[in-house]
Structure formats: C-alpha cells, structure tokens
Amino acid sequence: MNATGASTPTASAGSLTPTASVGVTELPAGGPNALAVTLGLLGDEWNLWILRFALLGSRRYNDWLALGGISNSVLSARLAILTAGGMLERREYQQNPPRHEYSVTRKGQSIWPVLITMWSWEKQWAPNETAPLPPLRHSTCGNDFTPILRCKECGEDVDVRSLDSEMGPSGDFSRSVPEATSRRRSTKSERRPEILAHTMELVGNRWSAAIIGAAFRGARRYGEFAEITGAPPAIVADRLKHLTEIGVMETRPLPDRPQWSEYRLTAKGTAYFPVVMCMISWGQRWFRSADGPDIVLHHNACGKRFEARLGCSVCGEELRSSDIEAIDLTTSVHVPGSGWS
C-alpha cells in the first residue's frame with residue numbers, strides 16, 4: 001500500500017519492448033528510466049512469487065494456480081508484465097487448443113544478486129515475529145555466509161561512503177519512480193505471498209523507495225526529500241514517519257534549530273545499500289534509456305565506473321549462483337550456471 005492507501009504500483013507491460021537478440025529492453029526517451037522499471041518489476045510481491053516458482057520449475061499457468069493463493073486475474077496480469085519485461089519467455093507447447101508455457105530468460109535468472117542481498121537484509125533486520133530465514137551456504141567453501149558488496153573492477157569491498165554518484169541524462173527523480181497503476185488487491189479468499197515481506201516495506205512502495213534513494217544521496221531535511229523526490233508534501237511526511245517507525249530512519253534535532261529535526265538512515269537503513277546497488281546494476285544492464293543512463297557511479301578507490309559484484313563473507317571468493325545452496329527461493333535463489341555472465 002502507498003501513503004494514500006492506494007495499491008502498490010507495477011511496471012506497465014505495454015511500456016516495455018524487449019530486444020529479443022540480447023534481452024535488453026529499450027526504454028523511450030523522456031519516459032521512466034531503468035530504476036523506475038526495475039522498482040516496478042521487483043517491488044511487486046506477486047512478481048517475485050511467480051519468479052520464485054519459475055526458477056524452481058513452474059512453467060505452465062496451472063502450475064502457479066495449483067500452488068494456491070493467486071487468482072486468475074492477478075496471475076494473468078503478472079505473467080504479462082514479466083513477459084513484457086523480458087524476464088519470462090512465453091512459448092506455445094500445444095496448438096489445438098493453443099496453450100503456452102513460460103521459461104525464465106537470462107535476464108530473469110540474473111536477478112539472483114538482488115534476491116540474495118534482499119534475503120540477507122531481511123534475515124538480519126526483519127521483526128522477530130516473522131518466520132526466521134535459514135542461512136545461505138557457499139558450496140565453494142562449505143560455510144554459511146552473507147553477501148559482501150564489491151567493485152567489479154578492483155574487487156574491493158564497498159559501502160555507501162566508497163562511491164561517488166552523478167545523475168545521468170535520464171536520472172531525474174520524476175523518471176525514477178514507478179508509474180502508479182491500479183491493481184486489484186487480494187480478496188479474503190486469497191493470501192498475499194509470504195516472500196521477503198519486510199523488504200517489501202521499502203522496495204514495494206514507490207515513495208518509500210524514492211525517500212531511501214534520496215537519503216543515500218545525502219538528503220536530511222523534509223524540504224530536501226520533497227524537492228528531490230517531487231512527492232506531494234503529505235506523502236513525504238507519511239513515508240518519513242513510516243520509515244522512522246520501522247527503524248530504517250531516525251530523527252535528530254538540527255544543531256542550529258533544535259526545535260526542528262532532520263532524518264538520517266539508521267544502521268538498518270544503511271545496511272540496505274547492497275540491495276540498492278544490485279538493483280541499479282541489474283536494472284541498467286537490462287533496461288536502456290534512449291537518452292542515456294539514470295545514474296553513473298564511480299568507485300573512489302580505483303576511480304573506475306562502479307558495477308556491483310558480490311563476495312563470500314567467509315572465504316572471500318566472488319559468488320556465483322551455481323555455488324549458492326538454498327532450500328527455497330523465499331530465502332535465496334539457486335539458478336545453476338547463471339552467475340553474472
């Protein structure tokens with residue numbers, strides 16, 4: 001739900017045109033940029049739920065229906081969105097009557113770094129009353145691990161202070177927020193998918209995601225958040241209040257005006273940084289705005305353009321999805337042989 005009680009936005013299937021030869025989706029100039037499309041796709045719990053079971057082997061419409069909890073209309077809409085986004089490929093397997101199945105594309109497989117950073121954040125920071133997540137195991141070293149964010153070029157660990165960011169030609173914040181599209185909410189006979197529920201508090205609301213992005217860019221005061229995001233004042237106030245209530249942000253009195261407060265990311269909020277970086281890297285790899293990138297990141301230590309990679313917290317080796325042992329995609333993802341290639 002968003003700040004006004006409206007439904008969570010999703011990417012519009014009609015706005016995406018996959019380039020079949022390489023799987024890259026070309027975005028029109030002046031429209032939503034790669035970050036907006038990424039948030040629209042991965043900020044929807046049903047999209048992640050469908051991808052979860054697609055990666056576990058679901059292929060046909062009835063495969064997902066048999067799992068329960070999802071309606072025909074929601075499933076049809078999400079399959080259309082994921083297909084238009086190039087994450088699933090629709091193929092006919094029967095001509096009379098015509099029937100189709102869906103396979104996960106290379107683009108869909110390569111979301112695994114986003115999913116395991118979400119998993120890692122959820123495991124550490126989700127409220128105690130939520131179901132505990134089992135650990136991930138790195139088969140290369142045989143240890144349970146957490147993913148460590150690294151620079152692709154030099155291999156060094158990075159955090160929010162390690163990077164310099166510059167907005168690209170498509171990087172206006174108004175283009176970085178997913179379009180609000182109507183969505184029928186679950187009825188009493190349906191359940192909401194239990195997949196990374198606490199993470200959805202951040203990425204599943206377009207204005208929460210925008211506020212967090214502005215905080216990573218250095219926004220501290222209410223007016224700065226309103227100016228950067230372009231959100232209506234009531235929504236900015238509501239999202240700042242909500243993010244403070246769930247412990248992602250905290251208020252501090254201004255040194256020059258103690259009666260006024262500023263907002264800063266807590267340790268919990270700062271720990272979300274690898275998720276943001278993996279989403280940016282994935283999004284700008286697979287979605288290309290005609291007028292250029294939305295954000296350009298440089299690693300201060302090596303001076304090279306930054307792209308996210310993940311390393312094992314125990315042995316230090318670069319992670320590949322084929323080396324990650326998982327029980328279930330609620331906790332992680334295991335796509336044999338996909339890696340980052």
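**Reading strands and rings**

Visitor: Which residue in E5 is the bridge partner of His-138?

Guide: The bridge partner of His-138 in E5 is Asn-143. The model is a predicted one, in which local features need pLDDT of at least 70, side-chain atom pairs count only at pLDDT 80 or more, and totals for chains, interfaces and linings use all residues. Residues are numbered from 1 along each chain as its sequence is written, and side-chain values use heavy atoms, leaving out hydrogens and water.

Visitor: How many bridges join strand E4 and E5?

Guide: Two strands pair if DSSP finds at least two bridges between them. Strands (E, at least two residues) and helices (H or I, at least four) are DSSP runs, numbered from the N terminus. Strand E4, residues 136-138, pairs with E5 over three bridges, in the antiparallel sense.

Visitor: In what order do the strands of this open sheet lie?

Guide: The three strands run in the order E5-E4-E13, with antiparallel pairing. Strand E5 (143-145) and strand E13 (324-325) are the edge strands, each pairing on one side only.

Visitor: Now the rings. How many aromatic pairs are there?

Guide: Rings of Phe, Tyr and Trp (its six-membered ring) pair if their centres lie within 6.5 Å; planes under 30 degrees apart are stacked, over 60 edge-to-face, the rest tilted. The count by this rule is seven aromatic pairs. Take Trp-49 and Phe-53: their ring centres are 5.2 Å apart and their planes stand at 70 degrees, so this pair is edge-to-face.

Visitor: Where do Trp-49 and Phe-53 sit in helix H2?

Guide: Trp-49 and Phe-53 are separated by about one helical turn, because they are four residues apart in helix H2 (residues 45-55). Together with Trp-46, Trp-49 and Phe-53 form one aromatic cluster.

Visitor: Are Trp-49 and Phe-53 buried or exposed?

Guide: Buried means under 20% relative accessible area, exposed over 50%, and partly exposed in between (1.4 Å probe, protein chains only). Trp-49 and Phe-53 are both buried. Another edge-to-face aromatic pair is Trp-282 with Phe-287, at 5.6 Å centre to centre and 65 degrees between the planes. Trp-282 has a relative accessible area of 2%, so Trp-282 is buried. Phe-287 is buried too, with a relative accessible area of 2%.

Visitor: Which residue lies over the face of Tyr-93?

Guide: A charge sits over a ring if NZ of Lys or CZ of Arg is within 6 Å of the ring centre and within 35 degrees of the ring normal. Over the face of Tyr-93 lies Arg-60, 3.7 Å from the ring centre. Arg-257 lies over the face of Trp-260, at 4.6 Å from the ring centre.
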